[in-house]
Amino acid sequence: QVQLVESGGGLVQPGGSLRLSCVASVSIFSRYAMGWYRQAPGKQRELVAAITSGGDTNYADSVKGRFTISRDNAKNTVYLQMNSLKPEDTAVYYCNAANERLQVWARTIYWGQGTQVTVSS
């Protein structure tokens, strides 16, 4: 089964940086679209960044220019480099994955358990 494990969260001051990692236990990682979502207390979970199996990326407007998503297929890992962090970036960050070789109706969305990012002085 697919398992996603996030790491790299922590406490950082405004303007600082963090690099999140998500390791995916899947058979063929290159077939999966990967994404980072976040959820703050009392807020809806929202897309932060995504990267397709082909390497195309998409970012939320709120993080564009500050965050970068990347993947290393040899390591079954997706990264989220977060720079110029703001207090409003504080949230639990979740990794997700979907096999793009499957039709959308048959596709299962997998989620990690999340890693806490706190931006505070």
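Analyst: Here is a walk from the sheet, through the disulfide, to the core and one threonine beside it. Keep in mind that this is a predicted model.

Let's start with the sheet. Four strands make it up, running in the order S1-S3-S8-S7, and the sheet is open with antiparallel pairing. The edges belong to S1 (3-7) and S7 (67-72): each has a single partner strand, so one side of each is left without a neighbour in the sheet. Going from one strand to the next, the twist averages 15 degrees. S1 is joined to S3 (residues 18-25) by five bridges, and the two run antiparallel. Along that pairing, glutamate 6 faces cysteine 22 of S3.

Cysteine 22 is where the disulfide comes in. The model has one disulfide, and it ties cysteine 22 to cysteine 95 with the sulfur atoms 2.1 Å apart. The torsion about the S-S bond is about -80 degrees, which means the disulfide is left-handed. Are the two cysteines buried or exposed? Cysteine 22 has 0% relative accessibility and counts as buried; cysteine 95, also at 0%, counts as buried too.

Now for the core. The largest nonpolar core has 30 residues, and Met34, Trp36, Leu80, Met82 and Tyr93 touch the most other members. Strands that each supply at least two residues of this core include S3 and S9, along with S4 (32-39), S5 (46-51), S7, S8 (77-82) and S11 (115-119).

Last stop, threonine 115, which lies in strand S11. At 11% relative accessibility, threonine 115 counts as buried, the cut-off being under 20%. A polar atom of its side chain lies 3.2 Å from the backbone nitrogen of glycine 9. Again setting aside residues up to four places away in sequence, threonine 115 touches Glu6, Ser7, Gly8, Gly9, Leu20, Ala91, Val92 and Tyr93. Two of those names have come up already: Glu6 is the residue opposite cysteine 22, and Tyr93 is one of the core residues that touch the most other members.

Technical notes. Residues numbered from 1 in each chain as written. Predicted model: local features only at pLDDT ≥ 70, side-chain atom pairs only at ≥ 80, totals over all residues. Heavy atoms only, no water. Pairing = 2+ DSSP bridges. Axes fitted to C-alpha atoms, helices over the stretch in contact; angles between N-to-C directions. Disulfide = S-S within 2.5 Å. Buried < 20%, exposed > 50% of the residue type's maximum accessible area, 1.4 Å probe, protein only. Core = buried A, V, L, I, M, F, W, Y, C linked by side-chain atoms within 4.5 Å. Polar contact = N/O pair within 3.5 Å; in protein donor to acceptor, adjacent residues only side chain to side chain. Contact = heavy atoms within 4.5 Å.
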